Amino acid sequence: MRKAIAGLRWTSLRLRLVVVFALVALTAAVSASGIAYWLNREAVLTRTQDAALGDFKQEMQNRAAALPKDPTPEELKRTAELMANSSPGYSVLLVDEQAGGRTVIGSSDLDSFTLEDVPASLREAVDDRQEVTAGNDVEYHVYWQRTKPRGDPYLVAGTRIIGGGPTGYMLKSLAQERDDLNSLAWSLGIATALALLGSALLAQAAATTVLKPVQRLGDAARRLGEGQLDTRLHVSGTDELADLSRTFNRTAEALEKKVADMSAREESSRRFVADMSHELRTPLTALTAVTEVLEEEVEGLDPMIAPAVNLVVSETRRLNDLVENLMEVTRFDAGTARLVLDEVDVADQVTACIDARAWLDAVELDAERGIVAPLDPRRLDVILANLIGNALKHGGSPVRVSVRTLENELVIEVRDHGPGIPEDVLPHVFDRFYKASASRPRSDGSGLGLSIAMENAHIHGGDITASNSPEGGAVFVLRLPMDTSGLTGEGGVR
């Protein structure tokens with residue numbers, strides 16, 4: 001149910017298609033029904049009106065014209081009844097103006113038709129004597145008007161006898177015609193509703209036919225975006241949607257091939273770096289041993305040779321660190337890096353890291369004892385060594401390290417008192433091999449330290465952020481979760 005409702009959201013193409021079909025059908029049906037109703041209404045009313053007026057005019061000529069001069073009310077009444085009875089369906093009112101201003105009225109039904117029921121404008125038109133001309137051969141004409149004297153529709157007509165005689169008025173009810181037209185309106189309304197329903201069903205069928213391939217294409221694109229590069233569409237037909245599906249299949253095939261080639265090259269590159277690093281370790285081990293011996297004897301060497309020996313020693317150590325870092329990066333890229341979790345007293349761990357590197361005089365530690373968290377001690381040491389070492393090299397002493405917990409999170413902040421990090425460098429400080437050479441002197445590092453620290457934070461489920469303090473200096477904040485239930489480790493805490 002929820003899926004169906006979601007499929008009919010206002011931005012849904014299916015809903016818009018149904019609405020457009022419905023609006024077009026509604027417009028067409030209402031227009032056709034309106035025209036049909038108007039034509040039928042005019043035809044029915046005109047037919048009824050013409051028949052009644054023709055009969056009334058004939059009766060006025062045959063019966064009213066035969067009345068004597070100055071007829072009595074009884075004669076007028078009897079003539080009106082005869083006129084009404086000769087063609088049932090309307091009432092007749094005869095009015096005679098006699099000598100002395102006396103008005104005599106005779107009605108076929110005085111209770112239902114009186115002179116007050118005749119509109120004043122109609123009486124004036126009937127009494128208006130016109131001049132006989134070439135275009136008008138009679139003095140008086142038949143005039144009519146549709147009214148609703150008591151809320152019901154009526155046809156009122158009137159005329160006078162040419163050459164002298166009573167004035168006659170006719171009142172015909174149009175209730176039957178109204179009922180017939182109402183029935184027609186109901187029928188047209190039902191037909192319009194059925195047309196609207198039919199158009200909605202037709203639109204739904206059309207939408208299903210047209211949009212189902214589009215939906216399949218959308219699902220396939222979604223799976224492709226999720227990494228299922230073997231996704232393909234079944235293609236049938238020769239229409240535009242079939243061409244679109246074929247294009248999608250060709251695109252997916254090309255993308256799968258390209259990703260496979262890139263993955264193969266990436267795997268080859270990782271294997272090369274790993275193999276190279278592994279092969280370098282053996283000669284580096286020998287070189288390191290030799291440089292350690294040379295370093296011990298440097299004081300007894302020729303002063304011209306001693307600087308070269310110191311350079312060889314420092315560069316050998318730097319190369320050894322680079323190889324170790326490359327091997328660590330390779331493990332992260334290959335997904336083989338694993339946590340070995342243990343319950344760690346964070347303050348003791350930070351103190352041990354600082355003490356092992358003889359940084360006690362340059363680092364201020366603000367760490368409460370007793371904060372124990374499930375961490376990988378070796379990887380935490382790598383993170384701290386990189387953050388503190390980076391602060392000492394590129395920042396300014398003293399470097400302050402503070403440890404606290406915040407909402408089930410371990411927060412370790414490393415802050416220096418140097419010039420800070422340039423704004424254009426901040427987004428790249430954790431990039432591999434990135435060095436802000438334009439703003440800092442040449443570094444002895446490999447450009448991998450902060451990147452490895454970030455990878456070690458991520459494998460713990462945490463993160464590292466870099467910013468500048470308002471008081472000056474750079475601030476690196478390490479956040480690690482205290483709850484490691486979602487992490488997978490080797491030994492220690494799982």
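This is a predicted model: local features need pLDDT of at least 70, side-chain atom pairs count only at pLDDT 80 or more; totals for chains, interfaces and linings use all residues.
Student: At what angle do the axes of α9 and α10 cross?

Tutor: Axes are lines fitted to C-alpha atoms, for helices over the stretch in contact, and angles run from 0 to 180 degrees between N-to-C directions. Here the axes of α9 (residues 377-394) and α10 come within 9 Å, crossing at roughly 145 degrees.

Student: Which residues of α9 and α10 meet?

Tutor: Contact means heavy atoms within 4.5 Å. From α9, R379, V382, I383, N386, L387 and N390 meet G449, L450, I452, A453, N456, A457 and I459 of α10. By class, this contact has 8 nonpolar, 4 polar and 1 charged residues.

Student: Is S451 buried or exposed?

Tutor: Buried means under 20% relative accessible area, and exposed over 50% (1.4 Å probe, protein chains only). S451, found in helix α10 (residues 449-459), counts as buried because its relative accessibility is 5%. Not counting residues up to four places away in sequence, S451 touches F430, D431 and R432.

Student: Which members of the largest nonpolar core touch the most others?

Tutor: A nonpolar core is a set of buried Ala, Val, Leu, Ile, Met, Phe, Trp, Tyr and Cys residues joined through side-chain atoms within 4.5 Å. Among its 37 residues, V346, L410, I412, I464 and L478 touch the most other members. Helix α9 gives the most to this core, with 7 residues.

Terms used
Residues are numbered from 1 along each chain as its sequence is written. Side-chain values use heavy atoms; hydrogens and water are left out. Helices (H or I, at least four residues) and strands (E, at least two) are DSSP runs, numbered from the N terminus. Ala, Val, Leu, Ile, Met, Phe, Trp, Tyr, Cys and Pro count as nonpolar, Asp, Glu, Lys and Arg as charged, and the others, Gly among them, as polar.
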